[in-house]
Amino acid sequence: MILDEIVADKKKRLTEQKNRISLQEMRRLAEETPTREENCFYHNLKKDGISIIGEFKKASPSLGKITSKIDLLERIDEYNASVDAISCLTEEDHFDGNVDYLKQIRKESELPILRKDFMIDEYQFYEAKAIGADAVLLIAAILDDVQMHDFYQLARGLQLDVLVEAHNEEEIERSMKFDPRIIGVNNRNLKDFTISLENTKRLRPYVPKDKVFVAESGIMGDADVKFLKECGVDAFLIGRAFMEAENPKELAKKWKNL
């Protein structure tokens with residue numbers, strides 16, 4: 001299963017990273033990094049109306065290399081003028097990501113940034129803080145209940161917001177045990193990478209209305225946006241459609257107003 005392969009590769013990467021910068025040093029760097037604005041990611045998604053998280057990614061296991069029509073700096077300029085937060089892939093082996101991309105985006109944007117990665121070790125949370133992220137992703141499918149609880153508490157202690165990602169009813173039920181504020185439903189099946197927006201519709205009733213509810217993956221056109229709005233989502237996380245668009249700013253504005 002591709003998810004198992006991604007996690008195995010991440011463990012190897014972490015061993016290499018810790019040899020370069022120790023856990024103790026990374027924790028020190030995190031503690032010395034000031035919080036830009038506490039809860040800014042949460043508040044930008046919680047406000048009235050639909051919020052959009054615009055993503056920066058260069059590849060994925062399902063899509064291969066993504067051809068972007070504009071460079072990173074142009075993209076961030078467009079995002080600064082249209083979206084509510086930015087997601088940056090930092091996973092190296094399967095999504096062609098890098099923490100350096102997030103650092104570069106941080107220099108160019110005041111928007112809250114989500115570090116999107118496969119978070120399996122406390123080291124990554126200190127690193128997220130140190131490189132300028134405002135939020136991190138917790139994927140229920142790769143974590144047990146104790147890990148999810150402990151990582152959530154660690155992130156919040158570092159004043160990082162947390163997007164908890166679920167794919168089915170059981171994962172939402174597990175997530176609710178530690179009362180997260182932001183729940184995302186990934187419409188992509190992480191076992192076979194098929195996409196179905198019906199996943200958001202089916203799981204919406206399981207998420208309390210006081211949570212920020214985020215639809216992730218598979219949002220490619222007007223019909224998708226309308227369907228998900230009718231499902232009662234609070235925010236979209238959009239990657240491929242924006243990465244392949246010549247003018248993501250106009251696309252984001254259009255979809256917000258549909």
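**Exercise 1. Find the ring under the charged end of Arg-181, and give the distance.**

Solution. The charged end of Arg-181 sits over the ring of Tyr-42. The distance to the ring centre is 3.9 Å. Note that this is a predicted model. Now take Arg-204. Arg-204 lies over the face of Phe-213, 4.5 Å from the ring centre.

**Exercise 2. Trace the barrel: how many strands close it, and in what order?**

Solution. Eight strands close into the barrel. Their order is β1-β4-β5-β6-β7-β8-β9-β10, with parallel pairing. From one strand to the next, the twist averages 25 degrees. Helix α4 (residues 72–80) packs on this sheet and touches β1 (51–56) and β4. The direction of α4 makes about 175 degrees with that of β1.

**Exercise 3. Work out the pairing of β5 with β4 and with β6.**

Solution. Start with β4 (residues 85–89). Four bridges join β4 to β5, and the two run parallel. Leu-89 stands opposite Lys-116 of β5. Between these strands the chain passes through helix α5 (residues 99–108), and the β-α-β crossover is right-handed.

Next, β6 (residues 135–139). Two bridges join β5 to β6, again in parallel. Arg-115 has Val-136 of β6 as its bridge partner.

**Exercise 4. Are the two faces of β5 covered or open?**

Solution. In a regular strand, side chains alternate between the two faces of the sheet. Sort the residues of β5 (113–116) by side. Ile-113 and Arg-115 are on one side. Leu-114 and Lys-116 are on the other. All four are buried, so both faces are covered; the cut-off for buried is under 20% relative accessible area.

**Exercise 5. Describe the pairing of β9 with β10.**

Solution. β9 (residues 212–216) and β10 (residues 235–238) pair in the parallel sense. Three bridges hold the count. Ala-215 stands opposite Phe-236 in β10.

**Exercise 6. Classify the aromatic pair of Phe-56 and Tyr-101, and say which parts the pair ties together.**

Solution. The structure has six aromatic pairs. In this one, the centres are 5.3 Å apart and the planes make 65 degrees. Planes over 60 degrees apart count as edge-to-face, so the pair is edge-to-face. Phe-56 lies in strand β1 and Tyr-101 in helix α5, so the pair ties together parts 45 residues apart in sequence. Phe-56 is buried, at a relative accessible area of 6%. Elsewhere, Tyr-79, Phe-242 and Trp-255 form one aromatic cluster.

Key. Residues are numbered from 1 along each chain as its sequence is written. This is a predicted model: local features need pLDDT of at least 70, side-chain atom pairs count only at pLDDT 80 or more; totals for chains, interfaces and linings use all residues. Side-chain values use heavy atoms; hydrogens and water are left out. Buried means under 20% relative accessible area, exposed over 50%, partly exposed in between (1.4 Å probe, protein chains only). Two strands pair if DSSP finds at least two bridges between them. A crossover is right-handed if, with the strands pointing away from the viewer, the path from the first strand over the helix to the second runs clockwise. Axes are lines fitted to C-alpha atoms, for helices over the stretch in contact, and angles run from 0 to 180 degrees between N-to-C directions. Contact means heavy atoms within 4.5 Å. Rings of Phe, Tyr and Trp (its six-membered ring) pair if their centres lie within 6.5 Å; planes under 30 degrees apart count as stacked, over 60 as edge-to-face and the rest as tilted. A charge sits over a ring if NZ of Lys or CZ of Arg is within 6 Å of the ring centre and within 35 degrees of the ring normal.
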